[in-house]
Amino acid sequence: MSATRQAATGGNRATAGDVEYVTFRVGEQWLGIPVVMVQEVLTAERIAPVPLAPAEVTGFLNLRGQIVSAIDLRIRLNLPRRASGERIMNVVVRDRDELFSFLVDEVGDVQAVGADGLERPPQTLDPRWRQVCNGVVRRKSDLLVAVSAEKLLLVAEGTA
C-alpha cells in the first residue's frame, strides 16, 4: 500500500473483532461495503442495456458466463451523472446467490474498522443516504460512509 493511501485510510491493519471494508468513491464521497459481501472488483466492462429497467439499473454484464445486474450508484444515490467517457469501476457483490455490480468512480483499499470506529450516521445526512448507511468512520482527511449492500439493492429494486 502506498504511503499516500495509508495516510488516507489511516493505514489500518485488521485485528480480531474488526470489520474490513472495501472502500470506493462515488462522486466526492468515499463509501465502504464489508469485504465479506464483495465477490470481486473489475475495471469497466461492456454493459448491455436493459429496456424499461429503472434508471439506476444500467444493464447487464457477462462475468465468466454469469449475468450480473449493473447498478449505477451515482443515480441510486441521487448524484450528478458521470460525464461521457468518465472511468467506471465495478464492485461485484453477492446477495442471495445472485451477483450485482455497483458502478463506482474509483476503488480504494480495504480498511479495517474496530467496533468503536463505526459511529452512528449524523442526523444531517440526506435521507436517501441514511436509508442505506450503517454508520460513518472518521478518517484523517474525510469520512467513510459504511453502506449496506443489501439496502442498496432493496432500494434499487424499489422494495425499501
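The protein chain contains 4 helices and 11 strands, where helices (H or I, at least four residues) and strands (E, at least two) are DSSP runs numbered from the N terminus. The model is predicted, so that local features need pLDDT of at least 70 and side-chain atom pairs count only at pLDDT 80 or more, while totals for chains, interfaces and linings use all residues. Residues are numbered from 1 along each chain as its sequence is written, and side-chain values use heavy atoms, with hydrogens and water left out.

Of the 160 residues of the protein chain, 42% count as buried, a term that stands for under 20% relative accessible area, with exposed meaning over 50% and partly exposed the range in between (1.4 Å probe, protein chains only). Among contacts (heavy atoms within 4.5 Å) between residues at least 6 apart in sequence, 57% join residues at least 24 apart.

The strands are considered next, two of them being taken as paired if DSSP finds at least two bridges between them.

Strand β7 is mostly covered, with 6 of its 7 residues buried. It pairs with β6 in the antiparallel sense over 7 bridges and with β5 (residues 66–72) in the parallel sense over 4 bridges. Opposite Phe100 in β7 stand both Val93 and Ser69, whereas Phe102 in β7 has Ile71 opposite. In the hairpin of β6 and β7, which has 2 residues between the strands, Arg96 adopts a positive phi near 50°.

In soluble globular proteins, nonpolar side chains tend to be buried together. A nonpolar core is defined here as a set of buried Ala, Val, Leu, Ile, Met, Phe, Trp, Tyr and Cys residues joined through side-chain atoms within 4.5 Å. The largest such core has 26 residues, of which Phe24, Ile33, Leu73, Val93 and Phe102 touch the most other members. At least two residues of this core are supplied by each of β1 (19–26), β2 (29–34), β6 (89–95), β7 (98–104), β10 (133–138), β11 (143–147) and α4 (149–156). Apart from it lies another core, of 8 residues, including Leu42, Leu61, Leu63 and Val92. When neighbours within four places in sequence are left aside, the contacts of Val93 include Ile33, Met37, Phe102, Ala149 and Leu153.

Thr23 is located in strand β1 and, at 1% relative accessibility, counts as buried. Its side chain reaches the backbone oxygen of Asp109 at 2.6 Å, and, with residues up to four places away in sequence not counted, Thr23 touches Trp30, Leu31, Val107 and Leu144, among others.

Arg74 has its place in helix α2 (residues 73–76), and its 9% relative accessibility is why Arg74 also counts as buried. A polar atom of the Arg74 side chain lies 2.8 Å from the backbone oxygen of Pro80. Beyond its neighbours within four places in sequence, Arg74 is in contact with residues including Val26, Gly27, Glu86 and Asp105. Arg74 and Leu103, although 29 residues apart in sequence, are separated by 7.9 Å in space, C-alpha to C-alpha.

Technical notes:
A polar contact is a pair of N or O atoms within 3.5 Å; within protein, one must be able to donate a hydrogen and the other to accept it, and residues adjacent in sequence count only if both atoms are side-chain atoms.
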